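These are my notebook entries on a structure that I had not examined before. I record each point in the order in which I looked it up.

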Number of protein chains: 2
Amino acid sequence: MPDPAMISVDEARARILAGLRPMPAEIVALANAWNRVTAEPVVARLTQPPSDVSAMDGYALRAADGGPGATLTVIGAAPAGHPFAGEVGPGQIVRLFTGSVVPAGADGILLQEDASRNGDIVTVNEAVASGRHIRRAGQDFFHGDTVIPAGRRMTARDVGLAAAANHPWISVHRQPRVAILATGDEIAMPGEPIPPGGIVSSNSHALAALVRAMGGDPTVLPVAKDTTEAIAAAADQVVGFDLLVTTGGASVGDHDLVISGLQTRGLVVDFWQIAMRPGKPLLFGQMGAVPVLGLPGNPVSALVCAALFLLPALALMQGLPAGPPPTVSAILGAPLRENDRRADHLRATVSTDNAGRVVVTPFPVQDSAMLRRLASADALVLRAPFAPALAAGAEVSVIRLDTLGI
Amino acid sequence: MPDPAMISVDEARARILAGLRPMPAEIVALANAWNRVTAEPVVARLTQPPSDVSAMDGYALRAADGGPGATLTVIGAAPAGHPFAGEVGPGQIVRLFTGSVVPAGADGILLQEDASRNGDIVTVNEAVASGRHIRRAGQDFFHGDTVIPAGRRMTARDVGLAAAANHPWISVHRQPRVAILATGDEIAMPGEPIPPGGIVSSNSHALAALVRAMGGDPTVLPVAKDTTEAIAAAADQVVGFDLLVTTGGASVGDHDLVISGLQTRGLVVDFWQIAMRPGKPLLFGQMGAVPVLGLPGNPVSALVCAALFLLPALALMQGLPAGPPPTVSAILGAPLRENDRRADHLRATVSTDNAGRVVVTPFPVQDSAMLRRLASADALVLRAPFAPALAAGAEVSVIRLDTLGI
């Protein structure tokens, strides 16, 4: 039986996403648009190609003149960017190249390799078909066509397409500014003196990198000591951010101090126990205008929860569809026991079998204190509550961490 | 029969990669290390956990004292970051929390939920097993362990792991500085006046985004006119770059003008015809200290060639293994005819079937002038020269463009 005090991963994610909104738009130069999410459709400002153009190097002529053995007189040339201003009449031919505008009067292309030229006389060696090797105006897109929809993360190809459609500026969703707050008396920054019994801060830096990998703009706040006052003082610094992510809480039960500290600044907490492993304790709430996502202090739990909850939150805030993180199907490389009542997220390596299929093999030990093992994992294998035992070779759903850069 | 004047995609790539070297190292702050490639292994500067620590909230005691019904005296507390300085003697017990250092003398953890506390007296409700719920010093890693190898692109988890291993600085390969040169009288920047018969520059911007997506540092040079002198003048501006990528050539046969222009500045060309589609003409050479990769002027050909040749080049230059771009196996969503003598790279959409398998469906029309269609493709289906016809459902190898952000 599921613990009635706990909610499912899906419900938790739905509640988080319901509390967030896409960021408004900003205008960026095309050169800065890569990996940003379009806030408006990109509509072509011209027709491409703008005119009928040649798909090959050769000659433009009236196709009816292009029978084998015919001889024609060269009346000019039309390099790309230098259209021939006149018209091609009977018995006439114009030199052109790939991308050259087909001159008025011409409806056929004689390929360079099918022509013999002697001075201004060209002899046709292969018959010319009307329209062949001509790219029609608008074959790629017409003026007014939507070439990139709103809500799409711009690839390098999209950048090229927006350029071809004559857009020097792109309207994109702003990058969410995410403040990251670690708490704990025992936490030291890397390279700084470590107090007795202390550990080096890792969550803030990993989460900042994850925010960056997902297209957000992270700010790492100074570590807050384990007092209500210190956390309240940190809360005063997050006005104007789009999201506050906290990690740890720490010494008297994860989040207790974070909650009491942030409550002095108006935090309203939504929930904080999820039927999952690793990472049961989680909070989501609202502190004034700033949504607050509270992750566990344990590094493995914090990063798995970030993949499950922060990643979709950042996607939604950038104008992408709301939903779970992207999953792929894979073949189990080792058997799995049946799962208990908590959704599990098994750290696993990815390989490719002889048939080219993606194989995931969970590590035999899944201790949530092993950050090194998490870092060497390529994927998380998703195990629903009470999922049955599976044999090696069964299909499972996985989150690829490697291809996400997280 | 393959055309003897052409070389294969694999041979071309091997020749390109043989002409490149990994960039030397630089030191970056950990906060800037995400997505960079390590030039040196990251070796742990401490042991994690540094001492035996509790995996749970509860009490530390001598396990032998922890029989059911036993009563023990609380002699102190050890919040995380505040180790208990004394030793736990017989009949004594110390309050601690997840991550707390296990005090000297104690070898067992009584879970909070298995204890009844009344003032300073704790009654044991469940037997305590020696060593249970204790994370041993070094369980994650020991001082001196290599936690991240050289030559790895840092994920967010790696950033966290390097932090936990106490590294504020990371040695990474420098980002290759890539100069991008488009040539052509007909080319206008987006938003600028377009000459008669002209087109808007798209390749430079798409290639710059691709270089950025692959971890390089792009510089878009001004478009060079179609004269030897203009291209030679542009060549004078690329001293100190790590790679020059050219695109187009243009009006008298791709690359002819680029080659003659760059030859005035010492270009030595390696080859320039590849048995592939789209994108047959390609050049690779060396101009002084700067390697030169010449891509076709056609936008679709340029981007496909970039995926096949520039992407591996940038990987190698960043210290990653040399080789073809990453491919995955997928199921064909439509039948394919047998291929001719040129390796083909079919633009295709990706979907997921009911069994969760990745399905690729090539567009029926593969015209290399259709940038919009390339931009809407999720993958390139690789077709070897003379590959046989395939039925829908057959397995093929594909390059995922979507997950690469290119």
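**Entry 1. The contact between the chains**

How many residues does the contact take from chain B and from chain A? I noted 72 residues from chain B and 72 residues from chain A. I then looked up which elements of chain B build its side of the contact. At least two residues each come from helix 2 (156-164), helix 3 (203-213), helix 6 (299-317), helix 7 (371-376), strand 26 (395-400) and helix 8 (401-404) of chain B. By residue type, the side of chain B that touches chain A divides into 38 nonpolar, 23 polar and 11 charged residues.

I record here that the model is a predicted one. Its scores are ipTM 0.92 and pTM 0.93.

**Entry 2. How the copies are related**

I next asked what rotation superposes chain B on chain A. The rotation is 180°, with 0.0 Å of shift along its axis, and the RMSD is 0.0 Å. The two copies are thus related as by a two-fold rotation axis. I also looked for the residue of chain B that comes closest to this axis, and it is Thr403(B), whose C-alpha is at 3.4 Å. Of the interface residues of chain B, 100% are also interface residues in chain A, so the copies meet through the same surface.

**Entry 3. Helix 3 of chain B**

Helix 3 supplies residues to the side of chain B that touches chain A, and I therefore asked how many of its residues are buried. The count is 10 of 11, so helix 3 of chain B is largely enclosed by the rest of the structure. The buried residues include His205(B), Leu207(B), Leu210(B) and Arg212(B). I checked what they pack against: helix 2 (156-164) of chain A, together with strand 13, strand 16 (217-220), strand 17 (243-247) and helix 6 of chain B. Just after helix 3 of chain B, Gly215(B) takes a positive phi of about 95°.

Which residues of helix 4 (residues 228-235) of chain B are buried? I listed Ile231(B), Ala234(B) and Ala235(B). They cover an arc of only 105° around the axis, which puts them on the same side of helix 4 of chain B. An α-helix has 3.6 residues a turn, so residues three or four places apart point the same way. The cover over these buried residues includes strand 13 (177-182), helix 5 (256-263) and strand 20 (281-287) of chain B.

I followed helix 5 of chain B to one of its residues, Leu262(B). Leu262(B) has 28 other C-beta atoms within 10 Å and is buried; the cut-off for this is 20 or more. Leaving aside residues up to four places away in sequence, Leu262(B) touches Ile231(B), Ala235(B), Leu267(B), Met287(B) and Val292(B).

I then looked up the domains of chain A: domain 1 (9-23 + 174-317), domain 2 (27-47 + 148-173), domain 3 (53-135) and domain 4 (328-400). The C-alpha centres of domain 2 and domain 4 of chain A lie 37 Å apart.

**Entry 4. Backbone details in loops**

I noted a cis peptide bond between Arg277(A) and Pro278(A), with omega about -10°. Pro278(A) is in the loop between strand 19 and strand 20 of chain A. In chain B, a cis peptide bond joins Gln48(B) and Pro49(B), and its omega is about -10°. Pro49(B) is in the loop between strand 2 (42-43) and strand 3 (53-54) of chain B.

Is Phe386(B) buried or exposed? It is exposed, with 12 other C-beta atoms within 10 Å. Phe386(B) has a positive phi of about 60° although it is not a glycine, and it is found in the loop between strand 25 (379-383) and strand 26 of chain B. His133(A), also not a glycine, has a positive phi near 65°. With 19 C-beta neighbours inside 10 Å, His133(A) counts as partly exposed.

How values were computed: Residues are numbered from 1 along each chain as its sequence is written. Chains are lettered from A and ligands numbered from 1 in the order in which they are written. This is a predicted model: local features need pLDDT of at least 70, side-chain atom pairs count only at pLDDT 80 or more; totals for chains, interfaces and linings use all residues. Two residues are in contact if their C-beta atoms, placed from the backbone, lie within 7 Å. Helices (H or I, at least four residues) and strands (E, at least two) are DSSP runs, numbered from the N terminus. Ala, Val, Leu, Ile, Met, Phe, Trp, Tyr, Cys and Pro count as nonpolar, Asp, Glu, Lys and Arg as charged, and the others, Gly among them, as polar. Copies are superposed by least squares on the C-alpha atoms of residues with pLDDT of at least 70 in both. The arc is that of the directions from the helix axis to the C-beta atoms. Domain bounds come from an automatic or database domain assignment.
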